[in-house]
Amino acid sequence: MDTLHKKKKSIRSKQKDQKILVMTAVAAERDAFLRGVNGDPRFDVRLAGVGPAAAAANTAHILSGDGYDLVISSGIAGGFAHRAGVGSIVIADKIISADLGAETGDGFLSIDELGFGSATIAVDEYRFAEVAAGMKKSQLPVHTGSILTLSTITGTAATAAHLTARYPDAVAEAMEGFGVAQAAYIFQLPAIEIRTISNLVGPRDRSNWKITEALQLLEQASSLLKEVLS
Ligand SMILES: O=C(O)c1cccc(C(=O)CC[C@H]2O[C@@H](n3cnc4c(=O)[nH]cnc43)[C@H](O)[C@@H]2O)c1
């Protein structure tokens, strides 16, 4: 066997044995993801809680106890109009904490601009490319771009407009990704974020959220992910 062949074989067997931690905010998302992966032993699907603080604490707690190779933040999300519609899948190419910074009379300053660190966590490039390419081969609508993390769900057209102007490549917002990715970063593990869109970001109308449909799509997405990551 030549060296390249041996190397490819070793990468493949490594991927087969890999252990993947998936963090969802609530039980309905966890259960949808679990239905999709259908008992695949690589996936350990756990609860992050709602919001970045609970997500970071719970992810770090789990990572401190066991050996994982990849961390995924998953669940439903709000999609930005004309970028990711209800009923689509979004995959993050960057995970951004969109409300971590300071408000000033001249607008928002991120912690990067304040000099306190970074509000952006890079996803694992190899995993992102592998998952995005695999998912895009399906018939399902898939969008890639930044996924924003906020502690407060956007509920007005004005905030949605501010966010789309400040983050022109953002496809969606949710509440846990940055917390999950921050914990993974501290444990030097690759992270990615994959979500399905239940509602558009904008004026709050909870009665219009397509949660059942988004959870069904999450099940399809995780089933696909199981194939793509194998
Ligand atoms: O009520 C239910 O049955 C139900 C089932 C599954 C999930 C939920 C949630 O409310 C999940 C909250 C979770 O969803 C993310 N999310 C969804 N849309 C948005 C949004 O527009 N802006 C920010 N976050 C959103 C978020 O990650 C929440 O943790 C309910």
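Let's start with a term: a helix axis here is a line fitted to C-alpha atoms over the stretch in contact, and angles run from 0 to 180 degrees between N-to-C directions. Two packed helices are described by the angle between their axes and the distance between the axes. Helices (H or I, at least four residues) and strands (E, at least two) are DSSP runs, numbered from the N terminus.

Before we dig in, keep in mind that this is a predicted model, where local features need pLDDT of at least 70, side-chain atom pairs count only at pLDDT 80 or more, and totals for chains, interfaces and linings use all residues. Residues are numbered from 1 along each chain as its sequence is written, and side-chain values use heavy atoms, with hydrogens and water left out.

Now look at helix 2 and helix 8. Their axes come within 7 Å and cross at roughly 40°. That makes helix 2 oblique to helix 8, because angles under 35 degrees count as roughly parallel, over 145 as roughly antiparallel, 65 to 115 as roughly perpendicular and the rest as oblique.

The crossing of helix 5 with helix 8 is right-handed. Glu130, Val131, Gly134 and Met135 of helix 5 meet Ala221, Leu224, Leu225 and Val228 of helix 8.

Next comes the pair of helix 3 (residues 52–65) and helix 7 (residues 177–186), packed at about 35° with axes 7 Å apart. The residues in their contact include Ala55 and Leu63 of helix 3 and Val180 of helix 7.

What about open spaces? On a 1 Å grid over the protein atoms alone, a pocket is an open set of points where a 1.4 Å probe fits, with protein on both sides within 12 Å along at least five of seven lines; lining residues have an atom within 4 Å of a point. Grid points are joined across faces, edges and corners, and a volume is the space filled by probe spheres set on the points.

The largest pocket holds about 370 Å³ of space. Its lining has 21 residues, with Glu29, Ile76, Ile153, Met175 and Trp209 nearest the centre. Helix 2 and helix 8 turn up again here, among the elements that each supply at least two lining residues. That lining divides into 12 nonpolar, three polar and six charged residues.

The second largest pocket has a volume of about 300 Å³. Helix 6 gives the largest share of its lining, four residues.

Definitions and conventions:
Ala, Val, Leu, Ile, Met, Phe, Trp, Tyr, Cys and Pro count as nonpolar, Asp, Glu, Lys and Arg as charged, and the others, Gly among them, as polar. A crossing is left-handed if the near helix is turned anticlockwise from the far one by less than a right angle, and right-handed if clockwise. Contact means heavy atoms within 4.5 Å.
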